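Keep the viewer open as you read.

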Amino acid sequence: MANDHWPLFDLEVHTPRLTLRYLDDTLTSELLAVAKRGVHDPAVMPFIVPWTDLPSPQMEQEAMRFYARTRADIRPDAWNLQFAAIVDGDVIGSCDLGAKHFATLRQFQTGSWLGREFQGQGLGKEMRMACLLLGFDGFDAEFAQTGLWHDNAASLGVTQSLGYTEEGRRRELRRGVPDEMVGFRMPRAYRRSGATTSRFTGCLRLERSSGSDWLPLSDWWPSACGGFVRSHGARGQTEV
Ligand SMILES: CC(C)(COP(=O)(O)OP(=O)(O)OC[C@H]1O[C@@H](n2cnc3c(N)ncnc32)[C@H](O)[C@@H]1OP(=O)(O)O)[C@@H](O)C(=O)NCCC(=O)NCCS
């Protein structure tokens with residue numbers, strides 16, 4: 001059933017092997033069971049926020065807070081969309097698209113992780129491609145950005161194989177110690193296709209209904225699913 005009160009719940013991206021589904025509480029619980037089984041070698045922290053260092057059940061409780069807060073905090077000028085990645089009905093990991101002042105800057109950032117048992121099978125790359133599809137073809141972005149610790153070989157592998165270019169390094173705290181984060185970006189023109197059978201469905205309209213400015217939320221939600229997928233109308237789907 002389409003969700004009229006929070007239309008983002010209808011948003012899905014489909015690739016040949018994966019479905020991205022906007023995170024609800026049930027999917028979040030399944031996702032955290034995957035996280036509990038392990039996301040990375042505990043010796044090396046791949047994230048800026050070291051949430052995987054927390055012991056269970058604190059890790060799950062803090063993550064539930066984070067996902068609920070992220071969903072509640074969505075605003076036209078600053079949003080973050082969290083997804084569960086699903087293969088054959090099972091949640092295998094998560095990715096997110098976020099942006100500030102998207103209507104003007106037209107750029108979005110991505111982040112992602114998979115449970116360890118699902119890594120190294122090309123699924124991380126397919127998940128990133130799904131994010132790029134949604135950002136570029138769904139939201140009409142001009143640039144995609146991502147960031148990773150300088151020694152994150154798997155994330156670097158995904159990023160480089162998709163044709164991003166490095167855009168600079170910055171010093172950040174990693175488990176309380178200074179380290180180097182590398183930023184990458186991709187203009188929409190450089191996106192390599194490869195996701196020929198992919199498609200997205202559901203709510204896609206995050207902005208635009210009043211030209212270059214976002215609408216206030218009260219006006220924005222009711223019209224949120226109208227028209228972005230232009231040729232198919234509300235709640236349509238696009239094959240790319
Ligand atoms: C990062 C992550 C999402 C990548 O997903 P993945 O499924 O493991 O990666 P894939 O199998 O899709 O590999 C994609 C590419 O990277 C390369 N790659 C993957 N792991 C690699 C490694 N450890 N070293 C070098 N290259 C690697 C692959 O060869 C592939 O390149 P190709 O397409 O040119 O053949 C996943 O490893 C993960 O969740 N890691 C832990 C959390 C994390 O680091 N998140 C990102 C924080 S920035």
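Leu-20 stands opposite Ala-85 in S3, and the bridge partner of Ala-85 in S4 is Gly-93. Strands (E, at least two residues) and helices (H or I, at least four) are DSSP runs numbered from the N terminus, and two strands pair if DSSP finds at least two bridges between them. Here are the two pairings of S3:

| Pair | Sense | Bridges |
|---|---|---|
| S2 (residues 19–22) and S3 | antiparallel | 4 bridges |
| S3 and S4 (residues 90–100) | antiparallel | 10 bridges |

S3 and S4 form a hairpin with 2 residues between them, and Asp-88 in the turn has a positive phi of about 50°. Of the 10 residues of S3 (residues 78–87), 7 are buried, so the strand is largely enclosed by the rest of the structure. Buried means 20 or more other C-beta atoms within 10 Å of a residue's own, exposed means 12 or fewer, and partly exposed lies in between, with C-beta atoms placed from the backbone.

Now to helix H5 (residues 153–161), where Ser-155, Val-158 and Thr-159 are buried. Seen down the axis of H5, its buried residues fall within an arc of 95° (taken from the directions from the helix axis to the C-beta atoms), so they line one face of the helix. The face turned away from that buried side carries the exposed Ala-153 and Gln-160.

A word on confidence: this is a predicted model, where local features need pLDDT of at least 70 and side-chain atom pairs count only at pLDDT 80 or more, while totals for chains, interfaces and linings use all residues. Residues are numbered from 1 along each chain as its sequence is written. The chain averages a pLDDT (the predictor's confidence in each residue, from 0 to 100) of 82.
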